[in-house]
Amino acid sequence: MRKKRISMVLSLCLVVAVLFQCHSYLAADATTYYQIGNAETVKTLDEALKLFEDNSPDIKQMKLQYDAKIYEYEAAKDQEEDYQELYVINVGSSDSDTLDSVREQYLSALLNREVLSFYSKNYKELVSYEVLKQKYNFISMYYKLMTLEKQEAYYTANAKYLSTCKSIANIKYRYGRCTALEVRQISAQIEENNSALYETESEQEKLSSELEDILGITVDFSVKIPVNTAATSYTLSDTISLLNKNEYSYEEALAYKDAYYVCNTCEKAVNGSTTYKKNNVSMQQYSLQADSIKKKISSYAKSTISVYSKYCKKLTATQNKLTNTETAYKNLSMKYQKGKTSKVDVLEANVNRAEAEFNYYSAVYNKELCEYVLNNSLYQESTN
């Protein structure tokens with residue numbers, strides 16, 4: 001394996017196994033930890049997340065954008081007050097065109113203030129929610145590194161197995177016990193496997209570099225991430241309720257609708273005017289938009305819970321398969337030491353074990369990320 005730009009060689013590290021009872025698809029289970037990196041300094045995933053939040057350029061940029069909304073809101077309040085005073089000054093004027101113009105400017109300023117008040121009232125929640133979404137992407141990269149290590153281990157084990165198979169095939173071919181085609185087929189499998197191994201190593205290298213970029217620092221520490229196979233039960237109604245509450249696009253659409261309503265119920269609004277009619281149309285549009293988002297959220301919640309259940313069941317199946325292949329490999333290794341089986345059989349069993357291990361950690365990857373989405377009520381359609 002080529003030397004990585006930063007040290008991200010993964011090694012399995014069983015640090016703790018705490019059995020507990022929970023409402024889940026599994027009766028009881030344990031949380032273990034998988035250590036990514038071989039540096040002496042070890043951080044928990046929560047510590048790495050805190051580092052990410054403090055240093056990520058993307059998070060800093062996002063916070064600045066919401067800060068700008070607050071300043072815009074303050075400016076909109078001042079503008080609304082100015083136009084209100086101007087309207088009062090002109091209310092007794094005989095120039096109806098001037099009064100109408102000032103009224104329109106006031107209502108426009110009022111609308112802008114009401115729209116921006118959504119960001120002022122929900123500033124902390126909006127920032128926190130956006131941070132959670134960015135943390136999801138960050139966490140997924142670490143879990144992806146974990147699965148890539150297992151994928152690399154599988155291709156490496158398969159390379160040893162195929163190399164031995166080719167050596168045996170060459171001997172058989174010399175004695176006329178197999179064809180040249182069979183030898184070429186094994187060679188083709190070796191080339192395919194080497195190509196897949198190279199792609200996996202390249203992906204590890206790329207992902208490691210991306211982690212440094214989004215952290216904004218050089219990664220010089222190992223990260224201990226949880227591997228929890230216990231499943232949690234989620235109530236559909238509660239999940240939908242929390243998603244509706246936390247998904248800002250839904251709340252934002254409602255806030256825009258309310259802003260137009262405030263303008264049309266303002267004492268300075270003229271029932272039947274062009275502005276009044278346009279506001280009514282906008283209210284209906286944002287109301288429909290909110291309803292559409294709500295329906296999508298409901299469908300998303302059902303789908304996500306269903307997918308989560310599927311991941312948990314797959315995790316159980318892959319865990320059982322891993323246990324069986326590990327036992328088979330251990331038994332064959334003992335037989336080989338006693339001269340009761342061949343080396344190629346042991347290598348094949350090791351390939352089966354490595355494949356089962358990769359499938360197991362892939363299932364962990366999907367389950368953990370889906371659980372993060374549900375636990376934090378994130379509207380992440382890509383998880384499905």
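Which residues of helix 2 are buried? In this predicted model, the buried positions of helix 2 are I59, M62, Y66, Y73, A76, E80, Y87 and N90. These buried residues pack against helix 1 (45-55), helix 3, helix 4 (123-174) and helix 7 (248-264). Helix 2 itself comprises 34 residues. From its first C-alpha to its last, helix 2 reaches 49 Å, which is close to the 50 Å expected at 1.5 Å a residue.

Helix 2 spans residues 57-90 and helix 3 spans residues 96-121; their axes lie 8 Å apart and the two helices pack at an angle of about 155°. Because angles over 145 degrees count as roughly antiparallel, helix 2 and helix 3 are roughly antiparallel to each other. The crossing of this pair, helix 2 with helix 3, is left-handed. The contact of helix 2 with helix 3 contains 14 nonpolar, eight polar and six charged residues.

A second pair is formed by helix 8 (residues 274-337) and helix 9 (residues 343-375), whose axes come within 7 Å and cross at roughly 160°. By the cut-off of 145 degrees, helix 8 and helix 9 are therefore roughly antiparallel to each other. Helix 8 and helix 9 cross with left-handed geometry. In the contact of helix 8 with helix 9, 19 residues are nonpolar, nine are polar and nine are charged.

Methods. Residues are numbered from 1 along each chain as its sequence is written. This is a predicted model: local features need pLDDT of at least 70, side-chain atom pairs count only at pLDDT 80 or more; totals for chains, interfaces and linings use all residues. Side-chain values use heavy atoms; hydrogens and water are left out. Axes are lines fitted to C-alpha atoms, for helices over the stretch in contact, and angles run from 0 to 180 degrees between N-to-C directions. Helices (H or I, at least four residues) and strands (E, at least two) are DSSP runs, numbered from the N terminus. Angles under 35 degrees count as roughly parallel, over 145 as roughly antiparallel, 65 to 115 as roughly perpendicular and the rest as oblique. A crossing is left-handed if the near helix is turned anticlockwise from the far one by less than a right angle, and right-handed if clockwise. Ala, Val, Leu, Ile, Met, Phe, Trp, Tyr, Cys and Pro count as nonpolar, Asp, Glu, Lys and Arg as charged, and the others, Gly among them, as polar. The expected span of a helix is 1.5 Å times one less than its number of residues. Buried means under 20% relative accessible area, exposed over 50%, partly exposed in between (1.4 Å probe, protein chains only). Contact means heavy atoms within 4.5 Å.
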